[in-house]
Amino acid sequence: MPTAKTTKTAKTKKAAEIAKQPFWQRKTLAQLNRKEWESLCDGCGRCCLNKFEEDSGEILYTDVACKLLNTESCRCGNYRQRQKLVPDCVNLTVETMLDMTCLPPTCGYRLLQEGKKLYWWHPLVSGRADSVHEAGISVRGRVVSELGLSEAEIEQRLVRWPQSKTALKRPKSGG
Ligand code: SF4
Ligand code: SF4
């Protein structure tokens, strides 16, 4: 019957279109393998900043980075041992994400969990790790290490920019 043939063709076409999509668009977070999961991190370093939670639940960011964060590369200085060295560092998984209210709105994991798209500057989209820095999204050049600072001094350094989605203009040659 023509109707049946039409349906089958449409389904096949749709399946082919889905298969062509990048993994982060065609898979759920729970379906990602380890390598895919890790690659969702854009390397911004925002989640490694000291934060405070108000009684209302509001998250207040500071511009003070965890002692292990390399403030130039914006990467953890000891990713393998991080939870041993920094006990309050949370291992991000599909499960732990459900309780995390502190991920910035630009975080690749948060965006996908909320059904949104990755931004142009995400390394998976641009094809370049540096685009997160060029877009002004990473913490590079904007933070200090917590080393040597007291809790009171850290509390004095509240900032709003880590919760902003605003990026610098996309370069013409950018991905
Ligand atoms: S905020 Fe998200 S994307 Fe940025 S470094 Fe942390 S886990 Fe990675
Ligand atoms: S231990 Fe590493 S991953 Fe964890 S908050 Fe510190 S810099 Fe970030």
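1. Helices (H or I, at least four residues) and strands (E, at least two) are DSSP runs, numbered from the N terminus. On that basis the chain has nine helices and four strands, in the order α-α-α-β-β-α-α-α-α-α-β-α-β.

2. The model is predicted: local features need pLDDT of at least 70 and side-chain atom pairs pLDDT 80 or more, while totals for chains, interfaces and linings use all residues. Residues are numbered from 1 along each chain as its sequence is written, and chains are lettered from A and ligands numbered from 1 in the order in which they are written.

3. The C-alpha atoms fill a box of roughly 75 × 40 × 35 Å along the principal axes. Of the 175 residues, 21% are buried (20 or more other C-beta atoms within 10 Å of the residue's own, C-beta atoms being placed from the backbone).

4. Val-139 is in contact (C-beta atoms, placed from the backbone, within 7 Å) with Cys-44, Gly-45, Arg-46, Leu-49, Ala-65, Thr-71 and Cys-74, leaving aside neighbours within four places in sequence.

5. Around ligand 1 there are 13 residues (C-beta atom, placed from the backbone, within 6 Å of the ligand), and the closest are Cys-41, Asp-42, Cys-44, Cys-47 and Cys-107.

6. The residues around ligand 2 include Cys-48, Cys-66, Cys-76 and Cys-89, as well as Arg-82.

Key:
A residue is buried if 20 or more other C-beta atoms lie within 10 Å of its own, exposed if 12 or fewer, and partly exposed in between; C-beta atoms are placed from the backbone. Two residues are in contact if their C-beta atoms, placed from the backbone, lie within 7 Å.
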